[in-house]
Every structure is written in C-alpha cells, then in structure tokens.
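Please keep the sequence and the three-dimensional view side by side while working through the numbered points.

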Amino acid sequence: MINRKDRVENIARTMHELYEEYSLEENWKTQKECRLKDFDDLPEANKRVMRRMAKWVLLIEEEFKNEEEKNPIGRTRLYV
C-alpha cells in the first residue's frame, strides 16, 4: 500500500498536470515559470501549494470514508 507522503506527492503532481492541461483548453494563461513544466521543475513555492492542496484532498477523502462507516446509507455532513 502506498504511504501518505507518496499519495500526497502523486496527487500534487496530477493536480499540476491537470491544471496546466485544463488551463490550455480554456485559453487561460498560467504563470510563465510554471507553464507546461514537469512538477520537479516547478518553483518550490508552487510545489508546496500543490502539496498542501493534495493534503486537503486526502482529508476530504478520509472524512467521506469516516462518514460512510458511521452512516452506511451514504449520506454525509461534509459538503464540498
């Protein structure tokens, strides 16, 4: 099983790639220093932001899992 740190990294990388891809599709100009770069080549501040966002995604996922365990009919108090 993949550990939490690796999951955060994978989500952060995917979020960056998707952000760049979707931005192009919407004719949105992203920051020049980040545009179409591999995650490893991004400025450190950008990588930190993506990792923080990835941690939030995992927290939401965990909350949904906890709610499902408490309430198996699938209703949750978490609204996203």
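1. Helix α2 contains 27 residues, and the distance from its first C-alpha to its last is 39 Å. That span is close to the 39 Å expected at 1.5 Å a residue. Please bear in mind throughout that this is a predicted model.

2. Overall make-up. The chain has two helices and zero strands. Of its 80 residues, 20% count as buried. The accessible surface of the chain is about 6700 Å², and carbon and sulfur atoms account for 54% of that area. Among contacts in the chain with a separation of 6 or more, 48% join residues 24 or more positions apart.

3. The buried residues of α2. Which residues of α2 are buried? They are Lys47, Met50, Ala54, Leu58, Ile60 and Glu67. The cover over these buried residues includes α1.

4. The nonpolar core. The largest nonpolar core consists of nine residues: Val8, Ile11, Ala12, Cys34, Phe39, Leu42, Met50, Ala54 and Leu58. Helices α1 (4–25) and α2 (44–70) each contribute at least two residues to this core. Ile11, one of the core residues, is in contact with Ala54, Val57 and Leu58 when its neighbours within four places in sequence are left aside.

5. His16. Leaving aside neighbours within four places in sequence, His16 is in contact with Cys34, Lys37, Phe39, Leu42 and Met50.

6. The largest pocket. The largest pocket holds about 190 Å³ of space. Its lining is formed by His16, Tyr19, Glu20, Thr30, Gln31, Cys34, Leu42, Asn46, Val49 and Met50. Both α1 and α2 take part, each supplying at least two residues of the lining.

7. Arg7 and Thr14. Both Arg7 and Thr14 belong to helix α1. Arg7 is classed as partly exposed because its relative accessibility is 29%, which lies between the limits of 20% and 50%. Thr14, at 39% relative accessibility, is likewise partly exposed. Not counting residues up to four places away in sequence, Arg7 touches Ile2, Leu58 and Glu61. The C-alpha atoms of Arg7 and Arg51 are separated by 9.8 Å, although these residues are 44 residues apart along the chain. For Thr14 and Phe39, 25 residues apart along the chain, the C-alpha separation is 8.9 Å.

8. Asn27. Where does Asn27 lie? Asn27 is in the loop between α1 and α2. Asn27 has a positive phi of about 55 degrees, although it is not a glycine. For background, most residues other than glycine have a negative phi. Asn27 counts as exposed because its relative accessibility is 71%, and the cut-off for exposed is over 50%.

Terms used: Residues are numbered from 1 along each chain as its sequence is written. This is a predicted model: local features need pLDDT of at least 70, side-chain atom pairs count only at pLDDT 80 or more; totals for chains, interfaces and linings use all residues. Side-chain values use heavy atoms; hydrogens and water are left out. A nonpolar core is a set of buried Ala, Val, Leu, Ile, Met, Phe, Trp, Tyr and Cys residues joined through side-chain atoms within 4.5 Å. Buried means under 20% relative accessible area, exposed over 50%, partly exposed in between (1.4 Å probe, protein chains only). Helices (H or I, at least four residues) and strands (E, at least two) are DSSP runs, numbered from the N terminus. Contact means heavy atoms within 4.5 Å. Accessible areas come from the Shrake-Rupley method with a 1.4 Å probe; for residues, only the protein chains shown count as cover. The expected span of a helix is 1.5 Å times one less than its number of residues. On a 1 Å grid over the protein atoms alone, a cavity is a set of points where a 1.4 Å probe fits but cannot get out, and a pocket is an open set with protein on both sides within 12 Å along at least five of seven lines; lining residues have an atom within 4 Å of a point. Grid points are joined across faces, edges and corners, and a volume is the space filled by probe spheres set on the points.
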